[in-house]
Amino acid sequence: MPPEDFDELTSDAGEVALVQTTEVIADPLGHLSAEQVESIYQRYLEGEKVRDLFTEFSIKTNVNSLLPLLPHLERKDLTCPHCASHATQKRAARSNTANKPVCTGCDHIFPICRDDTCGCSACVNEYLGQLNGNGIHCRVPYEGLTLREKIILLAALTMAGPTDVACLSFVQLQRWHRRLAPTSEYQNKCISELFSRHIILVSSETSIDALDFYRQYERYDFL
Ligand SMILES: [Zn+2]
Ligand SMILES: [Zn+2]
């Protein structure tokens with residue numbers, strides 16, 4: 001049980017209107033209408049004590065917390081950009097910030113704050129598509145490379161293991177090595193040049209943390 005669900009576990013928790021039984025009560029809110037359930041949640045948010053609400057609405061339960069009993073909020077106002085399903089949202093405890101709505105059809109998590117990102121496979125693929133542009137479908141031919149780009153690539157290839165030369169990734173270039181550039185800043189500049197021309201691409205194996213780091217700082221260190 002997450003910590004926010006222990007909202008009524010105070011020193012006088014023994015006074016909570018608990019049912020003194022180990023029997024599992026299947027649906028403690030089953031006798032209430034959806035409107036009553038919403039009203040209980042609103043009154044809980046406004047600060048009313050859970051035990052008083054349990055007593056008033058004859059809620060018999062062997063847990064002393066309201067949140068686990070409540071159905072998730074149906075967020076029909078939110079449509080998933082990937083599968084068009086709607087979202088549900090776990091209710092937040094009164095002292096906590098809102099939980100992120102989640103899609104009912106796939107793994108997508110809806111952002112709450114402007115900087116929130118989702119790590120579902122569809123969002124990651126979408127972001128990789130933005131980063132790589134049309135580079136995945138339209139590779140730069142050897143004849144299209146400038147001499148400088150050929151030299152940088154050749155230097156980069158010397159950093160890859162002998163079996164990896166068919167696929168050069170950012171991971172192989174993330175640590176500065178003087179075989180590629182005299183300083184780490186210059187190495188970043190070289191990588192940036194290749195990346196901006198889609199000569200090297202971000203791999204789908206790149207971790208979500210690395211993508212978030214790049215999204216925030218535009219640094220190639222961990223891509
Ligand atoms: Zn979805
Ligand atoms: Zn997503």
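## Contacts and overall layout

Of the contacts in the chain that join residues at least 6 apart in sequence, 49% link residues at least 24 apart. The model in which these contacts are counted is a predicted one, and its chain holds 7 helices and 3 strands. Followed along the sequence, these elements come in the order α-α-β-β-β-α-α-α-α-α. The chain has 223 residues, and buried residues account for 15% of them.

## Confidence in the prediction

Across the chain the mean pLDDT is 82, and 81% of the residues reach 70 or more. Confidence is highest in strand E3, residues 102–103, with a mean of 98, whereas the lowest value, a mean of 66, belongs to helix H5, residues 170–173. Over residues 1–21 the pLDDT is below 50, although this stretch has 34 contacts in the model beyond near neighbours in sequence. Where pLDDT is low, the predicted coordinates should not be read in detail.

## The largest nonpolar core

In soluble globular proteins, nonpolar side chains tend to be buried together. In this model the largest nonpolar core has 11 residues, including Ile-152, Ala-156, Leu-173, Leu-180, Cys-190 and Val-202. Helix H4, which spans residues 147–157, and helix H6, which spans residues 184–196, each contribute at least two residues to this core, and the largest share, 3 residues, comes from H6.

Leu-194 is one of the residues of this core, and, when residues up to four places away in sequence are not counted, Leu-194 touches Glu-149, Ile-152, Leu-153, Ile-199 and Ile-200. Apart from this core lies another one, of 7 residues, among them Val-50, Ile-59, Leu-66 and Leu-67.

## A closer look at Leu-153

Leu-153, one of the residues that Leu-194 touches, lies in helix H4. Is Leu-153 buried, partly exposed or exposed? Leu-153 counts as partly exposed because it has 17 C-beta neighbours inside 10 Å, while a buried residue needs 20 or more.

Once its neighbours within four places in sequence are left aside, Leu-153 is in contact with Leu-194 and Ile-199, both of which are listed among the residues of the largest nonpolar core.

Note on methods
Residues numbered from 1 in each chain as written. Chains lettered and ligands numbered in written order. Predicted model: local features only at pLDDT ≥ 70, side-chain atom pairs only at ≥ 80, totals over all residues. Core = buried A, V, L, I, M, F, W, Y, C linked by C-beta atoms within 7 Å. Buried ≥ 20, exposed ≤ 12 C-beta atoms within 10 Å, placed from the backbone. Helix = DSSP H or I, 4+ residues; strand = E, 2+ residues; numbered from the N terminus. Contact = placed C-beta atoms within 7 Å. pLDDT = per-residue confidence, 0-100.
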